[in-house]
Amino acid sequence: MAKGFKKQLQGGGYQNLTISGAAELQNMRLQSDIEINALKEQRARQKQLDESNLTDLRRSFKNEQSNRDSIQKLEVNRQKLEYENQQLMAKRDIENKRALAKQKAAESNMWAKLSPTLAKNLGNLATGLVKFNDIQSGMEQYRELDAAGAFDSLGSAMFEMNEQAKKGLQEKRNQAMLNNDIEQADYLGDTYRVNGYYGQKLVADRIKNQSEQLFTELRTDISANDLIKNPYDTADLYEFRGQEILKKFGIDGMTMAGLEIQKLFQQEGAKQQATAVLGSKYAIYEEKLNTDKEVFSSTPTQDNFDQIVTTYMTGYTRNKSGAIVSHYGMVNAMEATETILSEMAISKPYAADWPKMKELISKLQSPEGPGNPTRQYWTAKNPAMVQRIKERWTENFKRLKQVNEALNESEDTGKVFEIDEQNREGAFEGNEGTAKLVAAYYNNQGNPNAQARAAKLLHVQTTDNNKAVVAQVMKAIRQNDVNEFVSLLDGLSETQVNNIVGATPFLETTNALIESHGVDFDEDIDSFASSVVKDLAANSFSLSGDANDNADRTVAATKQLYYHLFNKRFAGIEEPELRRKETEKFIIDLATDKTQDVVGDQTYIGKGIFRRIDAASSGTNTVLFTQFYNGSLPNNAANLSKNGDIDLDVFDLRGALGQLKRKNLNLISTTDLENVAISIREGQDVITMPENLRILERKFKNFDGRKYLNEQLRNNEQYKKEGIFIPPTLYDAARAAGGPMRQVDAFKYMIGSYKDGELVKQDAL
């Protein structure tokens with residue numbers, strides 16, 4: 001028997017009936033028993049029919065949806081039986097109350113003759129007994145529901161049905177239905193039926209009072225299970241939940257309570273559907289607007305910009321309170337254009353480049369429309385709008401600058417602290433200390449104080465005026481390139497040299513220079529180089545114009561040669577003074593070389609950087625050092641072109657080299673070779689090959705320009721003494737290995753020995 005049902009007429013409630021009334025009541029009971037027996041027989045027949053139907057259902061419905069259909073059909077049968085039972089009990093209750101009312105009416109007629117007041121009271125009592133009983137019964141049912149927690153899980157009806165349908169409880173419920181066990185057969189688990197107007201009214205009021213909680217649970221359920229596939233289905237979901245609650249409490253949808261509950265869910269569903277539909281339109285609009293912006297970004301044409309304006313004018317905006325407002329009929333073309341351009345002005349790539357933004361605006365025109373028969377450029381049509389956009393850009397730029405400065409300063413301070421902590425812990429000591437400091441320097445690009453701290457730990461002092469020099473020094477340290485480092489010293493002031501000369505990897509070399517030349521070693525070496533060139537240039541050294549520049553560049557090259565020899569050629573001499581003497585002797589011997597070479601009307605004297613045209617044959621009465629002369633010089637280098645000395649379309653590589661030999665031409669000139677040597681002495685990372693070698697490498701894949709240059713350097717007595725050669729790269733290692741190789745294998749290969757600047761394959765690891 002369902003919860004909340006109480007038998008009526010139990011106890012001795014009718015002991016005061018008259019004899020005639022008791023007889024009539026007994027007849028009613030007998031008639032009711034006859035009807036009950038008839039219902040039992042009908043139920044038995046229905047049971048047999050249901051068993052037959054259920055057998056077919058068990059075979060037919062095998063999945064969850066089918067089970068749910070079966071449950072719903074059984075529920076209809078259960079409700080029908082329960083409804084009949086409720087009708088019978090209600091009929092008994094009403095008949096009893098009618099009998100009581102009839103009795104009271106008879107008493108009223110009797111007492112009316114004696115007392116009109118008493119008759120009126122008895123009449124009111126007779127008509128109010130049903131209402132009084134309904135109120136009392138409703139309140140009792142409501143208290144039982146509340147105590148049982150029926151109102152604590154209003155939003156879980158659907159969830160419970162789904163969960164229990166998955167647990168294989170279908171057969172048990174079917175059997176419970178056949179046995180008329182309503183509590184076990186109810187697919188909602190703990191369901192509660194409320195009879196009577198007043199009880200249903202109390203439930204409806206409770207639901208209205210808990211509507212916010214109920215709707216919150218429903219929104220969570222919809223979101224968690226992704227139930228809204230179409231925003232126009234939102235109202236249906238809310239109305240369906242309202243129907244579930246009516247089912248849970250057995251409330252008829254056509255009663256006042258049922259109508260109130262349905263209205264509550266219909267109103268909320270309509271509101272949520274309107275919000276969902278508007279949100280869907282807003283999302284579609286945003287996606288379309290972003291697409292239009294991307295198209296314009298890739299192809300910034302007037303048509304593409306007009307499309308953005310059109311989309312915006314028919315779009316939506318979310319205001320400060322979160323509400324979505326339509327632009328349609330509210331935003332004109334000028335307002336849309338200003339909004340779009342203002343957003344662009346504070347976004348990449350225009351946020352830090354107003355000239356670029358200004359250029360974009362200058363290309364855009366106003367649309368045609370009522371009152372605007374012709375298109376005009378916005379800069380002329382509405383300069384005030386352009387000014388407002390610039391003001392917004394300026395405001396945003398200042399804010400970005402302030403934020404970036406604060407962030408950069410904070411990050412820089414933190415990185416300085418981190419470097420100091422590592423230094424205190426000894427992280428920069430040992431053989432790997434230098435490499436770690438260099439890594440810290442490059443990892444902190446954009447953090448000037450942190451970079452300065454890393455450089456300082458390498459004994460390189462950073463000032464406001466030497467940051468570029470420090471960057472070059474750190475590059476040389478990273479490559480452990482002494483040549484590049486000492487070449488930086490040329491031309492620096494005494495203060496600048498003092499700031500970087502103590503760089504850790506090069507301290508041994510600079511200490512030797514200081515010991516042999518004094519603290520101002522660079523100035524002393526500059527004086528030596530100038531004296532060597534002056535002696536060669538005689539009285540022409542101080543001439544102005546190109547001649548003076550020519551001589552100055554020769555002095556600079558002499559200094560580079562000096563540092564190269566001191567650090568490389570004579571690095572094995574431990575005594576600094578003797579090391580200096582050998583270096584200077586080498587340079588003086590090269591400078592005093594009197595080898596002559598006559599080409600046409602001009603006489604060339606000397607070798608290397610000191611090769612020059614004597615004053616008598618230069619036509620300027622000035623000694624011109626050919627290595628640094630800007631004019632055209634006759635040389636014996638071949639012209640590799642279609643109409644030149646050798647046409648490479650006619651000859652293969654072997655034939656072209658044979659033609660060079662027969663015509664007594666060189667592939668590169670002495671100037672070309674010296675340019676390569678100067679690059680090596682400077683420690684340059686990239687060496688530019690002479691043009692003829694680049695032509696041959698492009699034309700013939702098996703020609704190696706680097707090998708050819710190294711061969712020329714080895715065949716030159718001066719360069720051979722210096723030990724100059726171009727080291728191989730990973731590409732050369734792969735080629736020497738006979739084909740492609742992994743980078744790790746190429747590294748191993750290059751660890752092998754060099755022989756005259758070339759890889760020796762058999763010596764490689």
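How many helices and strands does the chain have? The chain has 32 helices and eight strands, where helices (H or I, at least four residues) and strands (E, at least two) are DSSP runs numbered from the N terminus. This is a predicted model, in which local features need pLDDT of at least 70 and side-chain atom pairs count only at pLDDT 80 or more, while totals for chains, interfaces and linings use all residues. Residues are numbered from 1 along each chain as its sequence is written, and side-chain values use heavy atoms, with hydrogens and water left out.

**The chain as a whole**

- Of the 765 residues in the chain, 39% are buried; buried means under 20% relative accessible area, exposed means over 50%, and partly exposed is in between (1.4 Å probe, protein chains only).
- The accessible surface of the chain comes to about 44,100 Å², and 50% of it belongs to carbon and sulfur atoms. Accessible areas come from the Shrake-Rupley method with a 1.4 Å probe, and for residues only the protein chains shown count as cover.
- Among contacts between residues at least 6 apart in sequence, 59% join residues at least 24 apart; a contact means heavy atoms within 4.5 Å.

**Salt bridges**

- The structure holds 23 salt bridges, each being a side-chain nitrogen of Lys or Arg within 4 Å of a carboxyl oxygen of Asp or Glu.
- One of them pairs Lys201 with Glu260, with the closest N and O atoms 2.6 Å apart. Lys201 sits in helix α7 (residues 197–209) and Glu260 in helix α10, so this pair ties together parts that are 59 residues apart in sequence. Lys201 is partly exposed, at 22% relative accessibility.
- Another salt bridge joins Arg388 and Glu338, whose closest N and O atoms are 2.8 Å apart. Because Arg388 lies in helix α15 (residues 383–424) and Glu338 in helix α12, the pair ties together parts that are 50 residues apart in sequence. Arg388 counts as partly exposed at 36% relative accessibility, whereas Glu338 counts as buried at 17%.
- Arg580 and Asp524 also meet through their side chains in a salt bridge (3.5 Å, N to O). With Arg580 in helix α24 and Asp524 in helix α22 (residues 521–537), this pair ties together parts that are 56 residues apart in sequence. Asp524 is partly exposed, with a relative accessible area of 27%.
- Salt bridges that share partners join Lys201, Asp205, Lys208 and Glu260 into one network.

**A helix with a buried face**

- Helix α24 (residues 576–591) has 16 residues and reaches 23 Å from its first C-alpha to its last, close to the 22 Å expected at 1.5 Å a residue. The expected span is 1.5 Å times one less than the number of residues.
- The buried residues of α24 include Pro576, Arg579, Arg580, Phe586 and Leu590. Seen down the axis of α24, its buried residues fall within an arc of 155°, so they line one face of the helix; the arc is that of the directions from the helix axis to the C-beta atoms.

- His564 belongs to helix α23 (residues 546–569) and is buried, at 4% relative accessibility. Leaving aside neighbours within four places in sequence, His564 is in contact with Asn483, Arg569, Arg681, Glu722 and Ile724.
- Thr603 is part of strand β4 (residues 602–605) and is buried, at 17% relative accessibility. Neighbours within four places aside, the contacts of Thr603 include Gln596, Val598, Arg612, Ile613 and Ser617.

**Loops and the surface**

- Met254, Met256 and Leu259 form a nonpolar patch on the surface, with about 340 Å² of accessible area together. Patches are made of residues with over 30% relative accessible area and no salt bridge, with like charges joined within 9 Å and nonpolar side chains (Val, Leu, Ile, Met, Phe, Trp, Tyr) within 5 Å.
- Met254 is in the loop between α9 (234–249) and α10 (256–298), and it is exposed at 68% relative accessibility.
- Most residues other than glycine have a negative phi, and most peptide bonds are trans.
- His459 has a positive phi of about 65° although it is not a glycine. His459 is in the loop between α17 (448–457) and α18 (467–479) and is partly exposed, with a relative accessible area of 47%.
- The peptide bond from Lys348 to Pro349 is cis, with omega near 0°, and Pro349 lies in the loop between α12 (333–345) and α13 (354–362).
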